[in-house]
Amino acid sequence: MVRFTLSAGWMNDRTWNFNRGAHRVIEDERSGDKRSKRIVTIRIVPRFDGASVRPLVTDVWWTVNGKEGSAKFPYERSEKRHGRR
């Protein structure tokens, strides 16, 4: 199975749901393409606001045998707060 790799240090428990949901669907589709011997390229670009260490959005572009696709993944905090602020 092919998984997107992110070398940036901003991926942590707060962004865990990034790899569940829609992002996971795209990974699974591209994995199927690779298994079917299609030519797959992927580009992942996190977009930051100023000096923030956490991206506002992550853009993902891919091609499969020359056909292009793209998606945007906004940063969403999904952890439960347990009454803390």
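Keep in mind that the model is predicted.

Let's start with the parts list. The protein chain has 1 helix and 3 strands. Follow the sequence and the pattern reads α-β-β-β.

The 3 strands form an open sheet. Their order is β1-β2-β3, and the pairing is antiparallel. Which strands stand at the edges? They are β1, residues 40–47, and β3, residues 67–74. Each has a single partner strand, so one side of each has no neighbour in the sheet. How are neighbouring strands turned against each other? On average the angle is 15°, with direction ignored.

Next, one pair in detail. Strand β2 covers residues 57–64. How many bridges join β2 to β3? There are 8, and the two strands run antiparallel.

Last, the chain as a whole. The protein chain has 85 residues, and 26% of them are buried. Buried here means under 20% relative accessible area. The accessible surface of the chain comes to about 6300 Å². Carbon and sulfur atoms account for 50% of that surface. And the contacts? Take those between residues at least 6 apart in sequence: 42% of them join residues at least 24 apart.

Terms used
Residues are numbered from 1 along each chain as its sequence is written. This is a predicted model: local features need pLDDT of at least 70, side-chain atom pairs count only at pLDDT 80 or more; totals for chains, interfaces and linings use all residues. Side-chain values use heavy atoms; hydrogens and water are left out. Two strands pair if DSSP finds at least two bridges between them. Helices (H or I, at least four residues) and strands (E, at least two) are DSSP runs, numbered from the N terminus. Axes are lines fitted to C-alpha atoms, for helices over the stretch in contact, and angles run from 0 to 180 degrees between N-to-C directions. Buried means under 20% relative accessible area, exposed over 50%, partly exposed in between (1.4 Å probe, protein chains only). Contact means heavy atoms within 4.5 Å. Accessible areas come from the Shrake-Rupley method with a 1.4 Å probe; for residues, only the protein chains shown count as cover.
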